[in-house]
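Subject: Structure handover

Hello,

Here is the structure I said I would pass on.

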Amino acid sequence: MSDQTTSTPDGDVLELVAAGDTARALDRLMQRHGSGVYSLCRRLLGDAALAEDVRQQVFLDAFRDLPKFCRRSSLRTWLYAIAHHRIV
């Protein structure tokens with residue numbers, strides 16, 4: 001593990017992605033950020049069921065794109081951006 005990767009928030013997730021374990025990486029992201037993504041969606045949409053649907057889509061998108069994550073932001077920021085784009 002590189003010191004730079006493990007010292008960043010969600011560095012362990014990035015290490016899992018680098019090792020090819022995208023499923024475990026996604027599981028950790030969902031555990032850490034799932035409720036926050038849902039809260040954002042709920043607040044912006046005003047509908048619990050729709051917020052849950054968007055949250056699921058966010059993590060499907062994340063699963064697909066995690067190996068291409070460019071690290072221009074934190075993973076949390078990236079997830080919230082995906083959610084915002086889905087809502088808009």
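The model is predicted. Mean pLDDT for the protein chain is 92, with 92% of the residues at 70 or more. The exception to keep in mind is residues 1–6, where pLDDT is below 50. That stretch still has 9 contacts in the model beyond near neighbours in sequence. Where pLDDT is low, the predicted coordinates should not be read in detail.

Helix 5

Helix 5 covers residues 75–87.

Leu 79 is worth a look as an example from helix 5. Its relative accessibility is 0%, so Leu 79 counts as buried. Setting aside neighbours within four places in sequence, Leu 79 has contacts with Leu 29, His 33, Val 37, Val 58, Phe 59 and Ala 62. Tyr 38 is 41 residues from Leu 79 in sequence, and their C-alpha atoms are 11 Å apart.

There is also a charge over a ring: the charged end of Arg 76 sits over the ring of Tyr 80, 4.4 Å from the ring centre. As for ring-to-ring pairs, the structure holds 1 aromatic pair.

Helix 3

His 33 belongs to helix 3. Its relative accessible area is 12%, which is under the 20% limit, so His 33 is buried. Outside the four places on either side in sequence, His 33 is in contact with Asp 10, Phe 59, Arg 76 and Leu 79.

Not counting residues up to four places away in sequence, Thr 22 touches Leu 16, Phe 63, Leu 66 and Pro 67.

Helix 2 and the backbone

Helix 2 is mostly covered, with 6 of its 8 residues buried. Those buried are Gly 11, Val 13, Leu 14, Glu 15, Leu 16 and Val 17. Just after this helix, Gly 20 has a positive phi of about 85°.

Which residues other than glycine have a positive phi? Asp 10, with phi near 65°, is one of them, and Arg 71, at about 65°, is another. Most residues other than glycine have a negative phi. Asp 10 is in the loop between helix 1 (3–7) and helix 2, whereas Arg 71 is in the loop between helix 4 and helix 5. Are these two positions buried or exposed? Asp 10 counts as buried, at 9% relative accessibility. Arg 71 is partly exposed, with a relative accessible area of 46%.

Regards

Methods. Residues are numbered from 1 along each chain as its sequence is written. This is a predicted model: local features need pLDDT of at least 70, side-chain atom pairs count only at pLDDT 80 or more; totals for chains, interfaces and linings use all residues. Side-chain values use heavy atoms; hydrogens and water are left out. Helices (H or I, at least four residues) and strands (E, at least two) are DSSP runs, numbered from the N terminus. The expected span of a helix is 1.5 Å times one less than its number of residues. pLDDT is the predictor's confidence in each residue, from 0 to 100. Contact means heavy atoms within 4.5 Å. Rings of Phe, Tyr and Trp (its six-membered ring) pair if their centres lie within 6.5 Å; planes under 30 degrees apart count as stacked, over 60 as edge-to-face and the rest as tilted. A charge sits over a ring if NZ of Lys or CZ of Arg is within 6 Å of the ring centre and within 35 degrees of the ring normal. Buried means under 20% relative accessible area, exposed over 50%, partly exposed in between (1.4 Å probe, protein chains only).
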